[in-house]
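Visitor: Got the model open. Can we go through it chain by chain?
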Amino acid sequence: MTILLMLVQIIVLFVLVMLHVAYATYFERKIIGHMQVRLGPMQVGWHGLLQPIADGIKSFFKEDIIPEQADRPTFMAAPIICLVAMMTSLAVLPFAKGWVLADINIGLLFIFAMSSLASYGVVLAGWASNSKFSFLGGLRSMAQVISYEIAMGLSLVGVMLMSGSLNLTQIVEAQGNSILGMYLLPQCIGFFVFFISMLAETNRVPFDLPEAETELVSGYCTEYSGMRYAIFFMAEYIGMMVMAAIGTVCFLGGWNGPFAVPFFPPLWFLLKIYLFMFIFIWIRATLPRYRYDQLMDLGWKLLIPLALVNIVVTACLKAMIG
Amino acid sequence: MTPPLKQTLEIPVADGEAERYSLRMGPQHPATHGVLRVDLELDGETIIECKPQVGYLHRGFEKLAENRTYSQALILTDRLDYIAAMANNVGYCLAVEKLLAISVPLRAQYIRTLVCEMSRLCSHLLWLATHALDIGAMTVFLYCFREREILLDLFEELCGARLTFSYPRIGGVRQDVTSYFIDELQRFLDIFPSRIAEYETLIDTNRIWLKRTVGVGVVSGDQALALGLTGACLRGSGVDYDLRKHQPYDAYDQVEFEVPLGSDGDIYARYRCRMEEMHQSVHIIQQCIDQLPPGPIIGLDAPDLVMPNKVPARIEAGSSTYGTGLIRLIRDRDLYLSGDIYVATEVPKGELGFYFISDGNNRPYRMHIRSPSFIHIGALATIAKGEMLADLIANIGSLDVVLGESDR
């Protein structure tokens with residue numbers, strides 16, 4: 001019975017997340033459209049509301065092209081690795097008190113592990129395509145994800161120190177006593193580092209080097225088409241939402257809000273995630289792209305030292321106060 | 001049929017002669033501005049060698065012109081730099097006028113100056129749009145197109161075409177400007193400087209933009225001269241050379257404007273030069289509108305180069321009776337002078353020169369086009385060497401090349 005219940009919960013979560021992915025692309029196109037003095041999708045449905053569904057059907061029925069000289073098994077596995085890794089991270093996210101599929105004690109580490117695994121998908125995609133642009137994209141992605149994973153991990157150490165836990169639910173609950181019910185102010189350096197690493201980790205502008213369309217055509221997914229390409233796309237958007245969720249849980253106080261919502265406890269959590277997503281899109285419409293070496297400079301010379309300073313300061317303060 | 005052998009990528013291991021990673025960018029690539037192919041030898045992402053390959057858009061204009069009368073060859077110049085076709089038309093007409101010693105009425109000169117500068121704005125807007133897009137700033141792209149649309153609408157109002165105008169004629173221009181055109185242009189001029197400021201707020205103060213452009217793709221003044229760079233690429237390196245100022249044609253000696261100069265010769269300096277040029281263009285257009293004199297728009301001594309209304313259904317072989325203007329063109333050989341001539345104009349991309357050899361016929365014996373894009377692409381090899389792959393894209397954008405003009 002419990003297994004059945006679990007299964008239902010998983011399916012509900014899966015469907016909801018997929019719906020969010022579909023409409024995240026819609027809102028991205030709409031928001032960027034309006035920021036760029038145009039309208040975005042308008043044709044399918046009222047104000048283009050059915051556009052994501054049309055896109056989904058289109059990519060589902062498209063021909064699945066596998067290049068002649070590609071490494072077939074790896075080529076086919078790569079997008080699935082990406083998607084599975086990203087979907088798995090959803091299991092440990094606490095949407096509200098008790099609204100979590102797997103309340104494990106190493107939730108934060110688990111998410112890190114999964115997001116590192118997802119980068120394997122990208123690297124393997126670049127490798128297996130046997131295309132020069134894909135290969136360069138894959139290499140860039142590898143270097144980028146490794147560098148920024150470190151910065152991001154270090155930026156969250158401050159949060160772990162303050163809350164004394166790796167369990168995401170307990171991290172949220174520990175924030176109840178601090179200012180505004182969130183770690184944003186005490187951990188402002190950590191948040192700064194986290195936010196920038198988050199953009200890099202999800203390959204978003206201004207760190208979208210692995211898929212820089214003006215340099216590498218489309219980077220690691222140059223050779224992908226149809227549904228396989230769509231799976232990469234979904235993985236990217238789920239990645240954005242997972243990162244937004246970590247940001248919400250660790251710095252913005254998770255499901256806690258100014259007042260409790262009676263029937264739908266995850267409301268504040270969702271609103272905070274939407275805010276993050278909006279910022280992702282806003283940045284995409286505004287900023288140019290970094291160069292590869294500048295990206296590495298920023299990661300290793302600025303973000304990692306800052307994160308280390310944050311750890312030391314947090315630890316000292318905690319030792320003095322506590 | 002045997003299946004193709006399965007090949008795997010050769011992975012570069014270390015820096016050395018054997019481990020280079022060769023990459024062919026283009027001709028189908030989103031950022032090579034048309035059909036440019038660049039053969040790259042990479043060490044990681046650093047460019048060891050860069051060989052631009054052109055010719056994918058070769059249509060043989062120089063040869064085609066040999067079989068066309070001077071007036072017919074005008075339409076070929078539309079297809080050179082199709083982003084600023086008006087400037088090419090004017091350059092061509094000036095060259096032919098000098099060859100045939102035809103004078104242009106003052107009003108036509110002003111109108112030509114005006115449309116040339118509008119063309120420059122069009123070209124610079126498209127340059128800024130694509131350059132920003134290459135570096136990743138997507139929004140500037142659409143903002144620039146918003147203003148470019150107004151200009152194209154104005155061109156449409158003026159001559160009916162939005163891309164290939166053929167509006168200037170040998171000895172003048174085709175149609176007179178309407179008052180509606182002038183009013184709309186004035187409205188555009190009033191808002192445009194604020195729009196330039198809008199682009200600048202988006203990218204000029206942006207740290208990432210500065211990091212990507214300052215100190216990248218540096219060309220010193222001497223180097224730029226040696227490479228044959230012209231236009232904003234040369235002025236960005238601090239060399240004061242602008243044909244509009246130093247060999248004025250049309251009404252450029254009647255209007256006041258400054259030649260913006262850079263000093264560092266990097267991508268940012270070229271960018272600043274072009275942005276300032278846009279302000280100067282607005283200034284020039286404003287003066288042209290204010291000073292526009294009355295009078296004819298095509299010279300009285302311009303040869304009868306207009307197309308005939310009616311072409312005879314059949315021309316007898318060996319017949320010596322010519323009826324229409326088109327046929328008369330073939331007969332009236334005494335209109336044309338023998339000799340050679342080179343006339344250069346300052347088009348948005350740089351110095352566009354037309355070199356004619358005339359044997360007294362009504363067609364050029366030889367027409368050569370000195371196209372700035374071709375020479376700028378040649379300079380790419382020197383500039384991009386030793387820089388990163390991403391800088392190559394920024395450099396192509398910054399040199400402002402158009403493949404239609406380069407390949408001719």
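Visitor: How many helices and strands does chain A have?
Guide: Chain A has 11 helices and 0 strands. Helices (H or I, at least four residues) and strands (E, at least two) are DSSP runs, numbered from the N terminus. This is a predicted model: local features need pLDDT of at least 70, side-chain atom pairs count only at pLDDT 80 or more, and totals for chains, interfaces and linings use all residues. Residues are numbered from 1 along each chain as written, with chains lettered from A and ligands numbered from 1 in written order.

Visitor: What does the C-alpha trace of chain A span?
Guide: About 65 × 45 × 45 Å along its principal axes.

Visitor: And how much of chain A is buried?
Guide: Buried residues are 48% of its 322 residues. Buried means 20 or more other C-beta atoms, placed from the backbone, within 10 Å of the residue's own.

Visitor: Switching to chain B. What is the strand order in the open sheet?
Guide: β1-β2-β3, with antiparallel pairing. Strands pair if DSSP finds at least two bridges between them. The edge strands are β1 (21–25) and β3 (46–53) of chain B.

Visitor: How many bridges join β2 and β3 of chain B?
Guide: 7 bridges, with β2 covering residues 37–43 of chain B. B:Arg37 stands opposite B:Gln53 in β3(B).

Visitor: What about the contact between the chains, how many residues from each?
Guide: Chain B puts in 31 residues and chain A 25. Contact means C-beta atoms, placed from the backbone, within 7 Å.

Visitor: Which element of chain B gives the most to that side?
Guide: α5(B), with 5 residues.

Notes
Contact = placed C-beta atoms within 7 Å. Buried ≥ 20, exposed ≤ 12 C-beta atoms within 10 Å, placed from the backbone.
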